[in-house]
Amino acid sequence: MSVHIFEVGGSLMGNSVTSMVLVTTAFLLGVGYAFKVLFRQAQSADKDAKLPPVIPSSIPFLGHAIAFGKSPIEFLEDAYEKYGPVFSFTMVGKTFTYLLGSDAAALLFNSKNEELNAEDVYSRLTTPVFGKGVAYDIPNPVFLEQKKMLKTGLNIAHFKQHVQIIEEETKEYFARWGDSGERNLFEALSELIILTASHCLHGKEIRSMLDEKVAQLYADLDGGFTHAAWLLPGWLPLPSFRRRDRAHREIKNIFFKVIQKRRESPQEEDDILQTLIDATYKDGRPLSNNEIAGMLIGLLLAGQHTSSTTSAWMGFFLARDKAVQERCLAEQKAVCGEALPPLDYDQLKDLTLLDRCLKETLRLRPPIMTMMRMAKSPQTAAGYTIPAGHQVCVSPTVNHRLQDTWMERMEFKPDRYLHENPAAGEKFAYVPFGAGRHRCIGENFAYVQIKTIWSTLLRLYDFELVNGYFPTVNYTTMIHTPNRPIIRYKRRQH
Ligand code: HEM
């Protein structure tokens with residue numbers, strides 16, 4: 001349920017109302033920041049502590065925001081070359097310390113939440129969207145209990161139902177694509193994934209209400225994940241804040257009715273919603289309607305951008321590498337039979353080449369490019385002492401392509417995982433789903449969802465790039481999406 005909040009530089013000056021407020025706030029915060037820096041320097045009593053190297057900046061307050069916003073991965077890779085695995089820099093009045101490479105990243109993944117805290121950095125954004133009583137609004141031990149309940153619902157028996165649901169939704173959605181053409185793959189997959197995720201994770205009642213109005217509510221709610229929401233006080237009367245809050249209330253009301261009806265129904269369903277209704281905390285307390293509704297919103301949004309972006313990138317990798325695309329189809333015929341009958345979960349598991357393609361897509365384009373924590377006390381990494389107050393970050397994107405770790409690091413090579421130790425045996429070299437106490441619980445569902453969608457699409461169409469164009473990366477969006485994501489497709493004749 002984490003969020004990526006670094007597109008500060010490029011789109012900081014998006015709409016005019018927001019810009020004015022941002023500029024004023026930036027000025028005020030800038031003055032405050034200058035005092036804070038002076039105060040901290042005066043206060044830094046522990047003279048023996050070796051602080052991480054600092055990337056110097058002469059721009060007050062904004063610091064490196066523009067350079068980082070323009071090209072974050074290049075920025076971090078350059079800094080790694082120059083300063084090593086641990087370094088600090090400032091942006092918008094905050095100090096960020098990155099831990100790059102497997103060894104340095106271990107600090108973030110192995111730390112206790114009291115030492116490197118997630119709520120402090122994520123809650124401002126997530127609480128208005130998911131609501132109170134869930135995720136980063138509550139003490140982490142309680143969230144861990146909620147994650148356990150969600151994980152109970154994300155089980156194999158449910159995945160078996162999901163494969164069928166996702167295959168049918170995919171066929172129905174793509175019926176509008178006709179026999180051949182050029183279309184926006186990312187847009188299509190984003191729309192499809194709301195439908196499949198809502199059906200699988202929320203249940204058939206909520207899916208059946210998903211019309212254009214509800215889709216707009218999700219879009220407004222999702223519009224809460226912005227720079228403005230991160231930088232500005234929540235009480236400001238910004239239109240996007242108001243739309244987000246109204247959407248939150250309306251969606252919750254829809255969910256409350258469905259949850260209440262389920263509670264009163266004599267018939268027990270077998271799905272994730274039912275798992276949550278039946279779940280209890282360690283002390284025996286059941287989840288309230290408000291907690292369940294918040295968890296349903298979280299389930300949907302945590303998987304929405306991550307899975308739709310990943311599926312879109314996977315499509316472009318397969319379209320570029322026609323040999324692998326054909327091998328994936330041949331694998332389906334070998335596993336499921338030449339007639340390609342409807343997919344089932346066990347066969348999906350045996351599609352190991354498709355699995356490796358997804359794994360490799362997540363290596364080269366992990367949707368969450370940074371995980372972040374607030375240092376509550378001084379922390380040690382690579383011989384440096386990171387002071388309290390720093391935002392401590394790990395970037396899967398950088399770890400997934402470090403020169404010291406990966407051979408042919410920028411190549412899409414799904415078969416690299418057939419060899420032992422594709423990442424030089426380093427523990428945190430490959431972390432698209434994070435690790436430790438904040439690790440993703442949605443990995444297995446994401447694999448089921450994306451593999452089912454791509455199995456279905458490869459049966460329907462042959463894909464290729466349009467005039468050889470492979471999308472560049474859009475760094476201005478929260479999650480690094482493909483630029484101009486148009487793909488060419490042609491119906492297959494089996
Ligand atoms: C390709 C798909 C996905 C990717 C790449 C992904 C990635 C991640 C990452 C990197 C984290 C760790 C964040 C951190 O440590 O700060 C995370 C946490 C989490 N994800 Fe996912 N995710 C995906 C899909 C999903 C789905 C489908 C769900 C729900 C069904 C989900 C639910 C969660 C939850 C509940 C957490 C825990 C957050 C915490 O404990 O702080 N994710 N995910």
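Let's start with Cys-440, which sits in the loop between α19 (396-399) and α20. A word on those labels: helices (H or I, at least four residues) and strands (E, at least two) are DSSP runs, numbered from the N terminus.

Now the ground rules. This is a predicted model, where local features need pLDDT of at least 70 and side-chain atom pairs count only at pLDDT 80 or more, while totals for chains, interfaces and linings use all residues. Residues are numbered from 1 along each chain as its sequence is written, and side-chain values use heavy atoms, with hydrogens and water left out.

Back to Cys-440. Its SG atom is the single protein donor to the iron atom of the ligand, at 2.3 Å. Donors here are N, O and S atoms within 2.8 Å of the metal (3.2 Å for Na, K and Ca); water is not among the atoms, so sites may look incomplete.

Next, the rest of the ligand shell. It holds 26 residues, and the ones that come nearest are Tyr-136, Lys-147, Arg-373, His-438 and Cys-440. Near means that a heavy atom of the residue lies within 4 Å of the molecule.

Which residues make polar contacts here? A polar contact is a pair of N or O atoms within 3.5 Å; within protein, one must be able to donate a hydrogen and the other to accept it, and residues adjacent in sequence count only if both atoms are side-chain atoms. The side chain of Lys-147 has an N or O atom 2.7 Å from a ligand oxygen. Arg-373 places a polar side-chain atom 2.7 Å from a ligand oxygen. For His-438, the distance from a side-chain N or O atom to a ligand oxygen is 2.6 Å. Elements giving two or more residues to the shell are α7 (140-153), α15 (289-320), β5 (371-375) and α20 (443-460). α15 gives the largest share, six residues.

Now the strands. β1 (residues 86-91) and β2 run antiparallel, joined by six bridges. Strands pair if DSSP finds at least two bridges between them. Ser-88 stands opposite Thr-97 in β2. The two strands form a hairpin with two residues between them, and Val-92 in the turn has a positive phi of about 35 degrees. β2 also pairs with β8 (residues 391-394), in the parallel sense, over three bridges. There, Thr-97 has Val-392 as its bridge partner.

Is β2 (residues 94-99) mostly covered or mostly open? Mostly covered: five of its six residues are buried. Buried means under 20% relative accessible area, exposed over 50%, partly exposed in between (1.4 Å probe, protein chains only).
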